[in-house]
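Take a look at the model, then read on.

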Amino acid sequence: MVAVNKNYSEVAFKLYPKKNDKVIQYGTAGFRANAEDLDHIVFRMGFLAVLRSKKKNSSFIGLMITASHNPEEDNGVKLIDPYGEMLDQSWEAIATKLANADDSSLDSIINEIAVNENINVELPASVYIGEDTRPSSKRLAKAAYDGVIESGGSCTDYGIITTPMLHYLVKSRNTDEEYGKCSSNGYLEKLSNAFKTIRKDVYSHKNYLSELYFDGANGVGSIIMKEFLPFLGNTISVKIYNDKHNEVGQLNHNCGADFVKVQQKAPEGIPHVPNARCVSVDGDADRIVYYFTDENGTFHLLDGDRIATLIAGYLMELIKDTGLNFNLGLVQTAYANGSSTNYISNSLKIPVACVPTGVKHLHHKATEFDIGVYFEANGHGTVIFSDRVKEIIKKESTNTSLDAKKLAAVKYLRALIDLINETVGDAISDMLLVETVLHAKGWNIQDWKATYYDLPNRQLKVTVKDRNVVKTKDAERYCVSPPGVQDAIDKTVKKYANGRSFIRPSGTEDVVRVYAEASTQEDADKLAAEVVDIVRCLAGGI
Ligand code: NG1
Ligand code: ZN
């Protein structure tokens, strides 16, 4: 072990001194806070990214500046591991310790990390940075850059890109050429080539029309979608709205995937064309939901649960056509609509698992299947294929002794694997996947909606003195503390037909979230309001 030979404390104190004593935790989406509180934290994450790169034998590490769907004044930072995965969970506590330390303790903490993690500090380190369109993002990206350089790493700032693009860039840099070229264009080429292989030049099929209305949340999604259009050629027509990424105060404001999902209404800034297929992405374009407004003006949401069931059902048919024996599973969280879970289990007959909120939990569980489909109800998700599946598909796609139908299915599946960003939920890749399935089935958005009917639901949040007093088990469906809360929820739920409700502390906001569903919207609203009261009374509401 070589002792770290740098004066981190001095340089941090000089360039990005700790501004406040607010305690911050590396949660499901890295660090998130008001942007004004983040400069010293992001600078230190530059240090951490360098250490992580050395720990991973000089692999490239990603550092993304974004607060996703949060309001524009917030920002955040998260690290990406060499194969495009989220930062290994064991390093979350290390990140938290480093972020909260006083400037004067940085030297000893960094030394301690190097020793405990057995890091060869002499190795070179490389970091890729990406940022969203928030006004504070450039400044924070510079802080991260400085952190990398000051600790002896080399750094490339890719500027404004989506979170999934940075995951792609990191993975493609650390893996072989076959995965894709390590550049923004490489990413767009990879997705568009796969999409064009499948779509060929057939725009419409039965009820499917190749026309889409795109809500870019006034963020990076609208920028990348515009860049993407020339790559897609004539295969699909995408009309882009909410592209005011340069206007202060507009990001995620009354638009974007989170607004549409939580408010259960159409975003502003997009025309109301009856039955038109519309998509909304979030502020860093790693989430997507679909929606339409019918001829009576009624709004219909097709969220992550709906996307997951569409994709899983289709993959199952495709696997059958290949004649290969792969086990397919679907992973959800407690936020998944009860109807979607019933549909998956009873109609599609696909195994379904429930895990705590946070993509890392879903992703991890999905790796237990040969092909794992995972989605949060809010639209964050993807599909992952085991190495065994990929090898078999690659081999079989050149197997000339297969009959024509099987060979076509295998080739199709191979192109789908290229279309999917396995590293993380990716709004643009997920959108192309959904479009592929709808096209193959010849469905319009009403056909898709008719597969099952969602139970009406409501999501609310409650501010409490300390959200961490709320402890849960059973994939967050059961509240173990404070005492009495679960009993009170159970009693309330019993009053409503098809009632279900749970609470959990948010990992990204200082609130307790309440979810409720029931047979009617009125009941779901009442149930949610009653559970909010329970939280206020028994969990220290303020
Ligand atoms: P929290 O704030 O822990 O509920 C939210 C989303 C998560 C996930 C993270 C990261 C809901 C209910 N929660 O987490 O699903 O996407 O943000 O962005 O949508
Ligand atoms: Zn996001």
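Q: What percentage of the 542 residues of the protein chain count as buried?
A: The model is predicted. A residue counts as buried under 20% relative accessible area. Of the 542 residues of the protein chain, the share that passes is 59%.

Q: Which radius of gyration does the protein chain have, and why does it agree with a compact globule?
A: The C-alpha atoms fill a box of roughly 65 × 60 × 45 Å along the principal axes. For 542 residues, a compact globule would come near 24 Å. The chain agrees with that, because its radius of gyration is 23 Å.

Q: How many helices and strands does the protein chain have?
A: Contacts with a separation of 6 or more can be split by sequence distance; residues 24 or more positions apart account for 71% of them. The elements of the chain are 18 helices and 19 strands.

Q: How much of the area of ligand 1 does the protein bury?
A: An oxygen atom of ligand 1 is 2.8 Å from an N or O atom in the side chain of N378, and an oxygen atom of the ligand is 2.7 Å from one in the side chain of R504. G507 brings a backbone N or O atom to 2.6 Å from a ligand oxygen. Taken alone, ligand 1 exposes 430 Å², and the protein buries 93% of that.

Q: How many charged residues are in the shell around ligand 1?
A: The ligand is surrounded by 14 residues, with R504, S506, G507, T508 and R513 the closest. By class, the shell has two nonpolar and seven polar residues. The charged ones number five.

Q: Is H380 buried or exposed?
A: H380 sits in the loop between β13 (371–375) and β14 (381–385). Its contacts beyond four places in sequence include D286, R287, Y374 and V424. The H380 side chain also reaches the backbone nitrogen of G425 at 3.3 Å. The relative accessible area of H380 is 8%, under the 20% cut-off, so H380 is buried.

Q: Which backbone oxygen does the side chain of T235 reach?
A: T235 is in the loop between α8 (220–232) and β7 (237–241). With a relative accessible area of 4%, T235 is buried. Leaving out residues up to four places away, T235 touches F195, K196, R199, K200, Y203 and S210. At 2.5 Å, its side chain reaches the backbone oxygen of L232.

Q: What separates the C-alpha atoms of E150 and N7?
A: E150 lies in helix α5 (residues 137–150) and is partly exposed at 34% relative accessible area. Among the residues that E150 touches are K6, V11 and F43. N7 is 143 residues from E150 along the chain, yet their C-alpha atoms are separated by 9.4 Å.

Q: Which elements are included in what covers the buried residues of α3?
A: Helix α3 spans residues 92–100, and its buried residues are E92, I94, A95, T96, L98 and A99. In an α-helix, residues three or four places apart point the same way, because each turn takes 3.6 residues. The cover over the buried residues of α3 includes β1 (31–34), α2 (39–55), α4 (106–116) and α12 (359–366).

Methods. Residues numbered from 1 in each chain as written. Chains lettered and ligands numbered in written order. Predicted model: local features only at pLDDT ≥ 70, side-chain atom pairs only at ≥ 80, totals over all residues. Heavy atoms only, no water. Helix = DSSP H or I, 4+ residues; strand = E, 2+ residues; numbered from the N terminus. Buried < 20%, exposed > 50% of the residue type's maximum accessible area, 1.4 Å probe, protein only. Contact = heavy atoms within 4.5 Å. Near = heavy atom within 4 Å. Polar contact = N/O pair within 3.5 Å; in protein donor to acceptor, adjacent residues only side chain to side chain. Areas by Shrake-Rupley, 256 points an atom, 1.4 Å probe, with all protein chains shown as cover. Nonpolar A, V, L, I, M, F, W, Y, C, P; charged D, E, K, R; others polar. Rg over C-alpha atoms; globule rule 2.2 N^0.38 Å.
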